[in-house]
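Please keep the sequence and the model in view while reading the points below.

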Amino acid sequence: MSETGTNTPQQPDKAQKRRVEMTVRPTGPILPPSNIQGNALMVVIAIMAFLACLTLGAVSMVRATAAGWQSQISREVTIQIKPEDGLDMGAALVKARDLALTFVGTRDGRIMDDDATARLLEPWLGTGLNLEDLPVPRLIVITIDESNPPDFASMRDLLKVEVPQAFLDDHRTWVDRLVQMARTTVLIGSGVLILVFTAMVLTVVFATRGALSGNRHIIEVLHFVGAESTFVAQEFQKHFLKISLKGAAAGGLLAAGLFAAANFWQTRSMATPESDQATALFGTFTIGWTGYLGIFATMIVIALLTTITARLTVMRTIYEIDLIRSDPARTDGLMDD
Amino acid sequence: MVNASKISAIRLPFCGHVYRPLTIFVYEPQTSDTSDWAQPLIHFENVGLRYGMGPEILRDLTFDIPKSSFQFLTGPSGAGKTTLLRLLFMSLQPTRGIIQSFGRDITRIPRSELPMLRRRVGIVFQDFRLLDHLTTYENVALPLRVRGKEEGSYRRDVIELLKWVGLGERINVLPAVLSGGEKQRVAIARALIDRPEILLADEPTGNVDPPMARRLLSLFLELNRLGTAVVIATHDLALMDQVDARRMILTDGRLDIYE
């Protein structure tokens, strides 16, 4: 059925003109690439992705900060020697340090000298302190191997025998409290994260369904021209995957950028009052590669969630169309005679 | 008056052009079962339908839609024409009675097989149901696209069909700028593009002026001459008077057939 059969050889320009007129535009997608519902859904997804990634990053940051505190404190133990009449404090300090260093898992021992002790007491007793005049306990700081800590019970027993005035403080009470606090903080953060993720899931699901309701007529037309359910579902899946990837990428990248920028500012303004205050309040703005990986995973989860919702909604719509077919009592969308 | 069963050759003048009659090779209906030509495409037997607990909209309908037949379906508003078309299109099931489409009881057809059977039926909706973001060409090509065909394999057929319905110069136009008659022809072309065995048209001339209605009727007659069974639901008595064809008149849910 070629048109060329009707054209005579003496009309080449006319034939050329007709060929030009018959040019069709590149076939457009079955679903409109952008509409109000699609754009609104993209914005909703971007906002929810941003909030979810921000929460995820914050929890990751809190966890890292808590772990840092815990690590710093559990890296050292102190031996305190109380003054007593007739006690050679210098010899007791050296003996206690040497005893401690005989245990496997200790790395270094440092006796706090008079100046350091005076500096520790300065806030309470003021400057110009003569330690010889006061019965002030003295400290030995022992650095330990965190991964292979010494046997504190044996060390405590040995010190009690050899230097009765010595008292070993392994900071266990502090570490336990700190661990508890860190766990609570992370637990609260995780709770918030779950709430934000739940809100995100529901928002994305309802926004996707809302956007789909505006395309119900397309589903019906495709169904009535003989499209199989899987074909219709695939078309919608592709469409909503694109929308959700764009939205989730925008929100996720914005959150990642925010953390990167805060980290950069903190690094550049180290030791300034503003930075110190921010560090004291929020810790360091470092979320590490696991944090960024989490943000990436969140983006993927949102994209998958939108796609699956779109698929399920389309399949359900088609099912409803078929339900009307098998149940004449349901007349939704039927035309009047 | 034209006898629908004795038309030999009709040339369809559209937009000032005279197009060649289409070859049967291109638009012959895709009949998968050629062994039993006597079997009707659709058979109704004592069919009744009611919505919920309401009265029966359709009562005791018994008739056949034979292959290559041409019929009008008419009756007053609310008589059940659109409902009957929906039954013919398998988008409704009867409350009682038997409907056999292409030799199969429609109540026993699994959902997954319905799209394949619907592909053998072309339907023209009263409200056209064109997709506004697709061009005339893309709307007409839609049934082929959903069947997974490559554009290269159907491009020429779609353009030829659009020329045939007088829309050769409007292939890249969106439905929003088409007139009612043009939209109607796009909807008809979409229903025809995959060479259905039966065409169902709901008030196809309801939105067009009398000359355009005659043109569309000529189009249906030409299609029927090429082997497609045609059912036209209409109120338009003047249109029916132009063709000596079977009339199915629905009144209060009952059907009278005048051969």
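**Backbone features in chain B**

B:D252 counts as partly exposed, because 14 C-beta neighbours lie inside 10 Å. The model is predicted. The remaining points are grouped by topic.

- B:D252 has a positive phi of about 50 degrees, although the residue is not a glycine.
- The location of B:D252 is the loop between β13 (246-251) and β14 (254-258) of chain B.
- B:N46 also takes a positive phi, near 50 degrees, and is a residue other than glycine.
- B:N46 is placed in strand β4 of chain B.
- Is B:N46 buried or exposed? B:N46 is exposed, because 12 other C-beta atoms lie within 10 Å.

**An enclosed helix in chain B**

- In α2(B), 7 of the 8 residues are buried, so this helix is largely enclosed by the rest of the structure.
- The buried residues of α2(B) are B:K81, B:T83, B:L84, B:L85, B:R86, B:L87 and B:L88.

**Helix packing in chain A**

- In chain A, helix α3 (residues 89-101) packs against helix α5 (residues 152-162) at an angle of about 150 degrees, and their axes are 10 Å apart.
- Angles over 145 degrees count as roughly antiparallel, and α3(A) and α5(A) are therefore roughly antiparallel to each other.
- The crossing in which α3(A) passes α5(A) is right-handed.
- On the α3(A) side, the residues that meet α5(A) are A:K95, A:A96, A:L99 and A:A100; their partners in α5(A) are A:M155, A:L158, A:L159 and A:E162.
- The contact of α3(A) with α5(A) has 6 nonpolar residues, no polar residues and 2 charged residues.

**Helix packing in chain B: α4(B) with α6(B)**

- α4(B) packs against helix α6 (residues 180-192) of chain B at an angle of about 30 degrees, with the two axes 7 Å apart.
- Because of this angle, α4(B) is roughly parallel to α6(B).
- α4(B) and α6(B) form a right-handed crossing.
- α4(B) contributes B:T136, B:N139, B:V140, B:L142 and B:P143 to this contact, and α6(B) contributes B:V186, B:A189 and B:R190.
- The residues of the contact of α4(B) with α6(B) comprise 5 nonpolar, 2 polar and 1 charged.

**Helix packing in chain B: α4(B) with α5(B)**

- α4(B) also packs against α5(B), at an angle of about 125 degrees and with the axes 10 Å apart.
- Because of this angle, α4(B) is oblique to α5(B).
- In passing α5(B), α4(B) makes a right-handed crossing.
- Which residues make the contact of α4(B) with α5(B)? They are B:T136, B:Y137, B:V140, B:A141 and B:L144 of α4(B), together with B:Y154, B:V158, B:L161 and B:L162 of α5(B).
- By type, the contact of α4(B) with α5(B) has 8 nonpolar residues, 1 polar residue and no charged residues.

**Nonpolar cores**

- The largest nonpolar core has 117 residues, and the members that touch the most others are A:I45, A:A49, B:L162 and B:L200.
- Helix α2 (residues 36-74) of chain A gives the largest share of this core, with 14 residues.
- Leaving aside residues up to four places away in sequence, B:L162 touches B:T136, B:Y137, B:V140, B:L167, B:G168, B:I171 and B:A189.

**The contact between the chains**

- How many residues of chain B are in contact with chain A? In chain B there are 41 such residues, and they are in contact with 26 residues of chain A.
- On the side of chain B that touches chain A, the elements that give two or more residues are β4 (42-50), α2 (81-88), α3 (114-118), α4 (136-146) and α5 (151-164) of chain B.
- α4(B) provides the largest share of this side, 5 residues.
- The side of chain B that touches chain A is made up of 15 nonpolar, 14 polar and 12 charged residues.

Terms used. Residues are numbered from 1 along each chain as its sequence is written. Chains are lettered from A and ligands numbered from 1 in the order in which they are written. This is a predicted model: local features need pLDDT of at least 70, side-chain atom pairs count only at pLDDT 80 or more; totals for chains, interfaces and linings use all residues. Axes are lines fitted to C-alpha atoms, for helices over the stretch in contact, and angles run from 0 to 180 degrees between N-to-C directions. Helices (H or I, at least four residues) and strands (E, at least two) are DSSP runs, numbered from the N terminus. Angles under 35 degrees count as roughly parallel, over 145 as roughly antiparallel, 65 to 115 as roughly perpendicular and the rest as oblique. A crossing is left-handed if the near helix is turned anticlockwise from the far one by less than a right angle, and right-handed if clockwise. Two residues are in contact if their C-beta atoms, placed from the backbone, lie within 7 Å. Ala, Val, Leu, Ile, Met, Phe, Trp, Tyr, Cys and Pro count as nonpolar, Asp, Glu, Lys and Arg as charged, and the others, Gly among them, as polar. A nonpolar core is a set of buried Ala, Val, Leu, Ile, Met, Phe, Trp, Tyr and Cys residues joined through C-beta atoms within 7 Å. A residue is buried if 20 or more other C-beta atoms lie within 10 Å of its own, exposed if 12 or fewer, and partly exposed in between; C-beta atoms are placed from the backbone.
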